[in-house]
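Trainee: I'd like to go through some salt bridges and a pocket with you. Could we have the structure in view first?

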Amino acid sequence: MANVVIFNGSPRKKGVTSQMIEEMIKGAEEKGKEVTVFQLNDKGVRGCQSCFYCRQHEGCACKDDLQPMYDAIKNADAIVFGSPIYFGRITGQAKSWVDRLYPCIDGKFQPRYPGKKVAAIYVQGAPGDTMFQDEVETMDNVFKRFGWEVVENIIVSGTSSPEFSLSDELKAKAHEVGANL
């Protein structure tokens with residue numbers, strides 16, 4: 001059975017990012033994949049403390065709700081990351097998670113858990129899919145640093161428009177990506 005671990009960087013548990021993630025979960029579970037979800041906005045999540053514990057050990061010294069993510073990542077076949085884009089960047093919650101991924105490289109800066117597939121969802125109020133492409137590319141490079149292959153980036157744009165509605169086409173795309181991880 002394949003394992004998929006999901007990281008939701010949205011503070012809105014029923015927002016567009018969360019809705020897209022739910023479609024990915026449905027697609028993955030329909031194919032018999034085991035799914036684990038981490039909500040990065042939960043109170044029990046801390047940022048990196050820059051203690052460098054992870055340079056000498058596998059894992060992180062922070063004993064919080066993200067502690068189980070290292071085993072989840074280690075055992076995962078695929079990773080899903082979702083975040084709204086606020087002021088041109090991923091959310092603060094998502095950035096804290098990225099910092100906490102530091103243990104995913106060893107003391108010699110080699111990937112500890114390579115070979116994962118990554119699918120990402122980026123949701124932005126701005127119209128057009130290319131406005132914040134630099135942030136998507138930055139995240140692609142972060143994932144590549146860990147030895148992970150980015151297989152899909154789904155960009156949902158124009159969400160600040162009063163007429164915005166999450167299309168069946170976007171939901172179907174998320175469902176398909178989840179099924180194919």
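Mentor: Happy to! Let's begin with a definition: buried means under 20% relative accessible area, exposed over 50%, and partly exposed in between. Keep in mind that this is a predicted model.

Trainee: Is aspartate 42 buried, exposed or partly exposed?

Mentor: Its relative accessible area is 29%.

Trainee: Which residue meets aspartate 42 in a salt bridge?

Mentor: Look at the loop between β1 (3-8) and α1, 29 residues apart from aspartate 42 in the loop between β2 (34-39) and α2 (53-56). The N to O distance is 3.2 Å, and the partner is lysine 13.

Trainee: Which residues are linked with Glu135 in a network of salt bridges?

Mentor: Glutamate 135 is in helix α5 (residues 133-145) and is buried at 6% relative accessible area. Its side chain meets that of arginine 89 in a salt bridge of 3.3 Å, N to O. The network links Glu135 with Arg89 and Asp134.

Trainee: Which element gives the most to the lining of the largest pocket?

Mentor: That pocket holds about 180 Å³ of space. The elements giving two or more residues to the lining are α1 (16-30) and β3 (78-86). With 3 residues, the one giving the most is β3.

How values were computed. Residues are numbered from 1 along each chain as its sequence is written. This is a predicted model: local features need pLDDT of at least 70, side-chain atom pairs count only at pLDDT 80 or more; totals for chains, interfaces and linings use all residues. Side-chain values use heavy atoms; hydrogens and water are left out. On a 1 Å grid over the protein atoms alone, a cavity is a set of points where a 1.4 Å probe fits but cannot get out, and a pocket is an open set with protein on both sides within 12 Å along at least five of seven lines; lining residues have an atom within 4 Å of a point. Grid points are joined across faces, edges and corners, and a volume is the space filled by probe spheres set on the points. Helices (H or I, at least four residues) and strands (E, at least two) are DSSP runs, numbered from the N terminus. Buried means under 20% relative accessible area, exposed over 50%, partly exposed in between (1.4 Å probe, protein chains only). A salt bridge is a side-chain nitrogen of Lys or Arg within 4 Å of a carboxyl oxygen of Asp or Glu.
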